[in-house]
Amino acid sequence: METKEILEDNKIKEIIDLLRSHLDAEELMEALDDYHENDIAEAYESLDTEDRQRLFGILGAERLSEIFPYIEDVGEYLAEITPEQAADVLENMDADDAVDALEDIEDEEQREQLIALMDKDASADVRLINSYDEDEVGSMMTTNFIVIKQNFSVKQAMRSLISQSKDNDNINTIYVEDDNNKYCGAIELRDLILARDYTPLDDIISHSYPSVKAEAHISDTIEDLKDYAEDSIPVLNPNDEIIGVITSQDIIEAVDDEMGEDYARLAGLTAEEDLNETLPESIKKRIPWLLLLLGLGLVTSSVIGIFDKVVASVAIVVVFQSLILDMAGNVGTQSLAVTIRVLMDEEISGLEKAKFVLKEMRVGGTNGLILGVLALFFVALYLHSLKGYIWFAAFKVSSIVGFSLFIAMIVSSFIGTIIPIFFHKIKVDPAVASGPLITTVNDLVAVVTYYGLAGLLLVGHI
């Protein structure tokens with residue numbers, strides 16, 4: 001075991017010993033201040049039910065509300081305490097963490113009971129976040145933020161900040177609204193602290209500070225949010241009133257989720273699968289695309305059957321078939337990955353798309369030329385040295401391999417770019433539809449090119 005892992009295990013054991021000790025509440029709380037909540041959460045999960053229930057009376061709802069967000073499946077631990085106690089813990093959490101915790105509770109009636117037991121403001125925040133679809137920005141926001149009025153003086157702004165900080169600790173950025181409660185900018189905490197009493201507040205407000213609409217789709221806004229690299233970004237309702245913020249941690253989690261979905265879609269799945277998904281659900285997701293690809297695969301096999309005389313006459317061509325197909329598939333996948341990233345920019349014009357397609361074809365063609373020339377010499381060397389071909393015959397075969405590789409890589413670049421653009425145009429997710437389809441189409445094109453050239457130039461001449 002590595003030293004770091006040993007230290008972490010020792011740390012968790014120390015916390016477990018503390019939690020099981022008979023220290024009074026004040027001493028235990030003081031001792032736990034030396035550890036991060038994530039480590040305390042891991043130790044808490046290692047305790048038995050009786051110890052955890054005893055700790056509720058010692059740690060209290062407020063301290064547990066700081067620990068529970070770091071627990072993977074917090075629903076089962078909320079079930080170990082009374083509904084009233086669970087509601088106390090939830091209302092002390094940030095609203096977005098409370099929503100996540102409630103999602104771990106499968107019983108809808110139990111969820112509603114806990115929300116009803118929470119105080120008015122906390123339950124209103126939870127219901128607000130729950131009112132948005134899971135693919136909308138509003139569903140990932142938190143209501144932990146500070147907002148002040150535009151017409152405040154610096155002294156009034158500081159007083160308001162101190163007052164709101166009792167309930168909201170997300171204070172690095174202070175948001176500003178006008179007299180009509182409309183969002184109008186933000187102030188960095190450092191700027192407010194350094195401002196003189198006589199400094200007009202408007203002088204330190206960043207009126208161009210970014211914001212996002214609560215109804216916006218996460219996938220459509222995620223790139224913009226990443227580009228700003230702010231600690232938090234305000235979320236506005238249709239009236240431009242600030243109703244929440246999304247933090248940098250929220251953005252990181254959204255990016256991770258989006259990447260996970262894209263990886264699954266590139267494999268031809270309609271959504272990311274998990275360990276809890278049933279067998280019928282997994283089959284239902286995969287079988288439509290597999291049936292389509294089976295049909296295209298049969299077409300490819302039929303095309304190879306057309307060239308059976310070529311294979312029978314010049315069996316050596318089969319040896320290099322996988323080389324052509326693999327390289328075509330690799331190039332197609334590269335173009336697909338780049339294209340999907342480009343398509344995330346919804347403002348890209350048709351002309352820019354056309355230039356992008358041509359650029360990818362040039363890249364594919366240049367790479368194909370380099371690899372084709374290398375294949376021309378190395379395949380000829382292989383055939384002459386190991387297979388006993390005369391140089392003329394060896395170069396005749398290798399020229400077909402090299403030229404087919406060149407053509408296949410150009411075409412694969414084109415297909416790997418144009419297919420996702422086409423699906424994006426007709427409002428079909430290009431990541432879902434493109435991956436396996438591009439591979440199969442590229443195989444078909446590569447086979448026709450390779451065996452077609454072999455039939456024209458090699459049969460009867462070697």
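Two residues are in contact when heavy atoms lie within 4.5 Å of each other. In this predicted model, contacts of that kind link helix H6 to helix H8: Pro83, Glu84, Ala86, Ala87, Leu90 and Glu91 in H6 meet Gln113, Leu114 and Leu117 in H8.

**The chain overall**

- The protein chain has 462 residues, and 43% of them count as buried.
- Among contacts in the protein chain with a separation of 6 or more, 66% are between residues 24 or more positions apart.
- The protein chain has an accessible surface of about 25,100 Å², and carbon and sulfur atoms contribute 55% of that area.

- Helix H6 comprises residues 83-92, and its axis comes within 8 Å of the axis of H8, with a crossing angle of roughly 65°.
- Angles of 65 to 115 degrees count as roughly perpendicular, and H6 and H8 are therefore described as roughly perpendicular to each other.
- The crossing of H6 and H8 is right-handed.
- Helix H8 (residues 108-117) also packs against helix H9 (residues 120-130), the two axes coming within 8 Å and crossing at roughly 135°.
- That angle makes H8 and H9 oblique to each other.
- On the H8 side of this pair, Glu112, Ile115 and Ala116 make the contacts; their partners in H9 are Ser123, Val126, Arg127 and Asn130.
- For the pairing with H6, the H8 residues concerned are Gln113, Leu114 and Leu117.

**Helices H17 and H18**

- Helix H17 spans residues 350-386 and helix H18 spans residues 391-425; their axes come within 7 Å and cross at roughly 160°.
- Because angles over 145 degrees count as roughly antiparallel, H17 is roughly antiparallel to H18.
- H17 and H18 cross in a right-handed sense.

**The sheet S4-S5-S6**

- An open sheet is formed by three strands in the order S4-S5-S6, with mixed pairing.
- Strand S4 (212-213) and strand S6 (242-247) are at the edges and have a single partner strand each, so one side of each lacks a neighbour in the sheet.
- Strand S5 covers residues 232-236 and runs antiparallel to S6, to which it is joined by five bridges.
- Within the sheet, Pro234 lies opposite Val245 in S6.
- In general, the strands of a sheet pair through backbone hydrogen bonds, in either a parallel or an antiparallel manner.

Technical notes: Residues numbered from 1 in each chain as written. Predicted model: local features only at pLDDT ≥ 70, side-chain atom pairs only at ≥ 80, totals over all residues. Heavy atoms only, no water. Pairing = 2+ DSSP bridges. Helix = DSSP H or I, 4+ residues; strand = E, 2+ residues; numbered from the N terminus. Buried < 20%, exposed > 50% of the residue type's maximum accessible area, 1.4 Å probe, protein only. Areas by Shrake-Rupley, 256 points an atom, 1.4 Å probe, with all protein chains shown as cover. Axes fitted to C-alpha atoms, helices over the stretch in contact; angles between N-to-C directions. Parallel < 35°, antiparallel > 145°, perpendicular 65-115°, else oblique. Left-handed = near helix turned anticlockwise from the far one by under 90°.
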